Amino acid sequence: MTDREYLNSIRIPSRENPLRILMSACLMGIKCGYDGTANGQYPSALKFQEFETARIIRFCPEEFSFGSPREMCDIHGGNGMDVLDGKAKVLSDSGVDWTDGMIAAAKKMLEIAREENIEVAVMMDMSAACGSQVIYSGNRFSPNKKYQIGSGVCAALLIREGIKVISQRDYASLEILYSKLDSTHTIDKSRIDHHEIAWYKEYFNV
Ligand code: SF4
């Protein structure tokens, strides 16, 4: 089932039985970013606060393992799935191996998802923990910084365990979710997901 097929198949929630959504805490304005900020403001994610039919469960996996503020980290030698398989590492920007801490954070996030019976996750793209579409390949502060298609470690574990993860930049998918949460919401069919934008197609030659 594609992401959009899944989202279209989601039940219509109510105030009494809201949709259970796991979100990267920073997307809800929590200052859990590496630099003690919320990593900017993303109206597409903050909009979820408007819906009485949504129950938002917020979690920051990196803060769980490394505290805030902290160093930035990225995945070296693969993507989040490769980290889970022991084929790639998570390094802080000063080169400290954070792989074990990140895997512990991913397991905690999965535990929360299961406890809360999460129906969908909305997570911050590009993050070595929460990314779901695009992440950095190696250190993002390198003068030769590169991107790769793939997920961060925590998103990878959720996806592997069957939980649907979309990013705050998957605007077409978010439109479907908004329409589930509010029957008066008209889907904006001009919106597209992150993997459909011109930059993505050009950069990855897809
Ligand atoms: S680990 Fe995830 S929730 Fe925490 S700051 Fe990074 S992107 Fe946001």
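## Helix α6 and its cover

Among the elements that cover the buried residues of helix α6 are α3, α4 (80-84), β4 (89-92), α5, β5 and β8. Helices (H or I, at least four residues) and strands (E, at least two) are DSSP runs, numbered from the N terminus. A residue is buried if 20 or more other C-beta atoms lie within 10 Å of its own, exposed if 12 or fewer, and partly exposed in between, with C-beta atoms placed from the backbone. Covering is judged by contact: two residues are in contact if their C-beta atoms, placed from the backbone, lie within 7 Å.

This is a predicted model, in which local features need pLDDT of at least 70 and side-chain atom pairs count only at pLDDT 80 or more, while totals for chains, interfaces and linings use all residues. Residues are numbered from 1 along each chain as its sequence is written.

Helix α6 spans residues 153-160, and six of its eight residues are buried, so the helix is largely enclosed by the rest of the structure. The buried ones are V153, C154, A155, A156, L157 and L158. Just after α6 comes G162, which takes a positive phi of about 90°.

## The chain as a whole

The chain contains eight helices and eight strands. Its radius of gyration, taken over C-alpha atoms, is 16 Å, close to the 17 Å that the globule rule gives for 206 residues, so the chain is as compact as a globular protein of that length. The globule rule is 2.2 Å times the number of residues to the power 0.38. Along the principal axes, the C-alpha atoms fill a box of roughly 50 × 40 × 30 Å.

Of the 206 residues in the chain, 41% are buried. Among contacts between residues at least 6 apart in sequence, 65% join residues at least 24 apart.

## The four-stranded sheet

Four strands form an open sheet in the order β2-β1-β5-β8, with parallel pairing. Two strands pair if DSSP finds at least two bridges between them. The edge strands, β2 and β8, each pair on one side only. Neighbouring strands of this sheet are turned by 30° against each other on average, direction ignored. Helix α5 (residues 99-115) packs on the sheet and touches β1, β2 and β5; its direction makes about 160° with that of β2. For such angles, axes are lines fitted to C-alpha atoms, for helices over the stretch in contact, and the angles run from 0 to 180 degrees between N-to-C directions.

Strand β1 is joined to β2 by six bridges and to β5 by three. M23 has R58 as its bridge partner in β2 and stands opposite V122 in β5. L22 stands opposite A121 in β5, and A121 also stands opposite V165 in β8. Three bridges join β5 to β8.

Five of the six residues of β1 are buried, which leaves the strand mostly covered. Strand β5 is covered on both faces: V120 and V122 are buried on one side, A121 and M123 on the other. In a regular strand the side chains alternate between the two faces of the sheet.

Helix α7 (residues 171-181) has S173, L174, E175, I176, L177, K180 and L181 buried. These residues pack against α1 (3-9), β1 (19-24), α2 (43-46), β2 (54-59), β5 (120-123) and β8 (165-167).

The ligand is surrounded by 14 residues, and the closest are S24, C26, C60, M124 and C130. A residue is near a molecule if its C-beta atom, placed from the backbone, lies within 6 Å of it. Helix α3 (residues 61-66) gives the most to this shell, with three residues. The shell divides into eight nonpolar, four polar and two charged residues. Here Ala, Val, Leu, Ile, Met, Phe, Trp, Tyr, Cys and Pro count as nonpolar, Asp, Glu, Lys and Arg as charged, and the others, Gly among them, as polar.

R70 lies in the loop between α3 and β3 (73-76). It counts as partly exposed because it has 17 C-beta neighbours inside 10 Å. Apart from neighbours within four places in sequence, R70 is in contact with Y34 and E62. R70 and Y34 are 36 residues apart in sequence, yet their C-alpha atoms are 4.9 Å apart in space.
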